[in-house]
Amino acid sequence: MGYQSRVEINKVFDRKILALVSHRGRKALESRSLADDEKIDALESQLKEAKFIAEDADHKYDEVNA
């Protein structure tokens, strides 16, 4: 096997490694994005509940002070 063949094999090997690393990185980002989406959904739900509680407290306060 000549020098040029080894160089070409190393280039192919390097590209495969880069593709694998890129694929793993993409999968990690997708997983983190999904977890972030779930956290956002939970926080939106908590915000909705907090607004409801605050509005209810305002109404009760207004009734007491009316």
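This is a predicted model: local features need pLDDT of at least 70, side-chain atom pairs count only at pLDDT 80 or more; totals for chains, interfaces and linings use all residues.
Residues are numbered from 1 along each chain as its sequence is written, and side-chain values use heavy atoms, with hydrogens and water left out.

## Overall shape

The secondary structure amounts to one helix and zero strands. Here helices (H or I, at least four residues) and strands (E, at least two) are DSSP runs, numbered from the N terminus. The protein has a radius of gyration of 28 Å, well over the 11 Å that the globule rule gives for 66 residues, so it is more spread out than a compact globule. That radius is taken over C-alpha atoms, and the globule rule is 2.2 Å times the number of residues to the power 0.38.

Along the principal axes, the C-alpha atoms fill a box of roughly 95 × 10 × 5 Å. Arginine 32 and valine 7 are 25 residues apart in sequence, with 37 Å between their C-alpha atoms. For serine 45 and arginine 26, the separation is 19 residues in sequence and 29 Å in space, C-alpha to C-alpha.

## What the surface looks like

Of the 66 residues, 0% are buried. The word buried means under 20% relative accessible area, exposed means over 50%, and partly exposed lies in between (1.4 Å probe, protein chains only). Arginine 32, found in helix α1, is exposed with a relative accessible area of 55%. Serine 45, also assigned to helix α1, is partly exposed at 47%. Valine 12 is partly exposed too, at 39%.

The accessible surface of the protein comes to about 6300 Å², and 59% of it belongs to carbon and sulfur atoms. These areas come from the Shrake-Rupley method with a 1.4 Å probe, and for residues only the protein chains shown count as cover.

Which residues form a nonpolar patch on the surface? Phe13, Ile17 and Val21 do, with about 290 Å² of accessible area together. Isoleucine 17 itself is partly exposed, with a relative accessible area of 38%. Patches are made of residues with over 30% relative accessible area and no salt bridge, where like charges are joined within 9 Å and nonpolar side chains (Val, Leu, Ile, Met, Phe, Trp, Tyr) within 5 Å.

## Charges and their partners

The protein carries 12 positive and 14 negative side chains, and the centres of the two sets lie 20 Å apart. Lys and Arg count as positive and Asp and Glu as negative, with His and the chain ends not counted. The place of a charge is taken as NZ of Lys, CZ of Arg, CG of Asp or CD of Glu. A negative surface patch brings together Asp36, Asp37, Glu38, Asp41 and Glu44. Aspartate 36 belongs to helix α1 and is partly exposed, at 35% relative accessible area.

Side chains of opposite charge can pair when their charged atoms come close. How many salt bridges does a search of the whole structure find? The search finds four, a salt bridge being a side-chain nitrogen of Lys or Arg within 4 Å of a carboxyl oxygen of Asp or Glu. The table includes three of these pairs.

| Salt bridge | N to O distance |
|---|---|
| Glutamate 8 and lysine 11 | 3.7 Å |
| Lysine 27 and glutamate 30 | 4.0 Å |
| Aspartate 56 and lysine 60 | 3.4 Å |

Aspartate 56 and lysine 60 are four residues apart in helix α1, so about one helical turn separates them. Salt bridges that share partners also join Arg26, Lys27 and Glu30 into one network. Within it, lysine 27 and glutamate 30 are three residues apart in helix α1, about one helical turn. Lysine 27 is partly exposed at 42%, and glutamate 30 is partly exposed at 39%.

Glutamate 8 and lysine 11 both lie in helix α1 (residues 3–64), three residues apart, about one turn of the helix. Glutamate 8 is partly exposed at 35% relative accessibility, and lysine 11 is partly exposed at 38%.
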